[in-house]
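Q: I have a structure to go through for class. Could you help me read it?

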Amino acid sequence: MPAFKNRRLFIAYSPSFKRQTGFGEPFPSSALSARHPQDTPTFPSVVINRETIKDCKGEFILDEQVTSRLQRLQISFFPDAETAAGWIAYALGTDGANLQTPQNTKLRLTSTATGGVFKLRFEYEGVSDTTIDLPYNVTAQELQTALEKLRPIKPGNVFVTGTNLSAGPLDIEFIGRFAGVDIDSGAVTINRTRLIGGTISISVGQVGKSNDHVFEPDFTTDQPPLFSLGIGFEGDNRTLLIQDCVVNSITLTGQVRGRIKMDVDLVMNGKVGELTSYTPPNCVNYRPIKTSDTRILTPTFPPPYALSSILREFRFTYSNNILTNDDPFPFDDIYPVRLERGDRTMELTLSAYGSPSDELYRRAEQEETIELGLSIGEP
């Protein structure tokens, strides 16, 4: 008796989230160049919709007509930022817009002091800390070490260049978890009371810019983007090409100290081909997004408008409610003609833990209506 081998299902996709040019225009095999991360994929299941016609009493079936035959694929996985952004773009029906070239915030310290000491206080997302006494001619390395000891910063998140403060300015660049974050000069305050012969000032040398992606639903058409997938099993030399796929829904969930999970529900028209001379892509490791990378956006609050430490859990669901019971083409291989959207629905729920001194707590206690959102991924 031959040994049974448990073969793992793989899904090949376009890492640039390419689109088909139209129905019946599948991707070439070269576009399916990456293996999709997955936790619990399901092989496409066949769904057949029938229209039952009964007699005038509603008792006996006179006719049962097949109105559509389609396939569904559900993928659950822990995404990185780029993969999550791509599926959101597929779902909403628009390309993601990369708004700006990323750059880190740089703050510049300048001094006219001739003696004494000073302190720097840094506040970020409601957490603040103050350095030890720093000499008026502090060196770049001494300043960096002092800043890295602050609770909101920690090692690896700041880089100071220059020689010493009496010889010229020192530039503080925010890196690591602060990469691309716009940190206003007001986040750093200076205690100058013990300086001699002059003062120390701070200015913004460069404004931080992230590479956030922005997506807007396309309300000009009921046709969501079409794309293709390759599906097969490891060790099997046959890879299926499934064309005319659309996203029915996406769900993102996160809990404190955990990874963010993404569930994608796909609907396909059931037309399956086979990729010839195709080598499945290799598995590539990546860094999943963690819930700690997620922020509650509160644009109605004072700066910095985002809170991370109080977020406990969240769930975001967007659904196109694809119409799957469309009229069929008049031949045996019946499948929905358009795979159009129904009434789109969106839901966001979140919970946050805090204290009565928090701004969010006070406004909730007063039953105010405030605008909230989520920023998912590293800043």
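Q: Which ring does the charged end of Arg 259 sit over?
A: The charged end of Arg 259 sits over the ring of Phe 78, 3.8 Å from its centre. A charge is said to sit over a ring if NZ of Lys or CZ of Arg is within 6 Å of the ring centre and within 35 degrees of the ring normal.

Q: Before I go on, what kind of model is this?
A: This is a predicted model, in which local features need pLDDT of at least 70 and side-chain atom pairs count only at pLDDT 80 or more, while totals for chains, interfaces and linings use all residues. Residues are numbered from 1 along each chain as its sequence is written, and side-chain values use heavy atoms, with hydrogens and water left out.

Q: What pLDDT does the protein chain average?
A: The protein chain averages a pLDDT of 81, and 82% of the residues score at least 70. Here pLDDT is the predictor's confidence in each residue, from 0 to 100. Over residues 1–6 the pLDDT is below 50, and this stretch has zero contacts in the model beyond near neighbours in sequence. Contact means heavy atoms within 4.5 Å. Residues 328–336 also stay under 50, but for them the model has 23 contacts beyond four places in sequence.

Q: How should I treat places where pLDDT is low?
A: Where pLDDT is low, the predicted coordinates should not be read in detail.

Q: New topic: which residues touch the most other members of the largest nonpolar core?
A: They are Trp 87, Phe 227, Val 247, Ile 250, Met 262 and Leu 266, out of 43 residues in that core. A nonpolar core is a set of buried Ala, Val, Leu, Ile, Met, Phe, Trp, Tyr and Cys residues joined through side-chain atoms within 4.5 Å. Buried means under 20% relative accessible area, exposed over 50%, and partly exposed in between (1.4 Å probe, protein chains only). Among the elements that each supply at least two residues of this core are β1 (9–13), α1 (81–92) and β18 (261–268). Helices (H or I, at least four residues) and strands (E, at least two) are DSSP runs, numbered from the N terminus.

Q: And what does Trp 87 contact?
A: Leaving aside neighbours within four places in sequence, Trp 87 is in contact with residues including Phe 17, His 36, Phe 77 and Phe 227. Trp 87 also belongs to one aromatic cluster with Tyr 13, Phe 17, Tyr 90 and Phe 227.

Q: How are the rings of Phe 17 and Tyr 90 arranged?
A: Phe 17 and Tyr 90 form an edge-to-face pair, 5.2 Å centre to centre with 70° between the planes. Rings of Phe, Tyr and Trp (its six-membered ring) pair if their centres lie within 6.5 Å; planes under 30 degrees apart count as stacked, over 60 as edge-to-face and the rest as tilted. Phe 17 lies in the loop between β1 and β2 and Tyr 90 in helix α1, so the pair ties together parts that are 73 residues apart in sequence.

Q: Why is β1 largely enclosed?
A: Five of the five residues of β1 are buried, so the strand is largely enclosed by the rest of the structure. From β1, Leu 9, Ile 11 and Tyr 13 point one way, and Phe 10 and Ala 12 the other way.

Q: In what sense do β1 and β16 pair?
A: β1 and β16 pair in the antiparallel sense over four bridges, where pairing requires that DSSP finds at least two bridges between two strands. Ala 12 stands opposite Gly 230 in β16, and the bridge partner of Ala 12 in β2 is Arg 35.

Q: Last one: is Asp 265 buried or exposed?
A: Asp 265, which is found in strand β18, counts as buried, at 8% relative accessibility.
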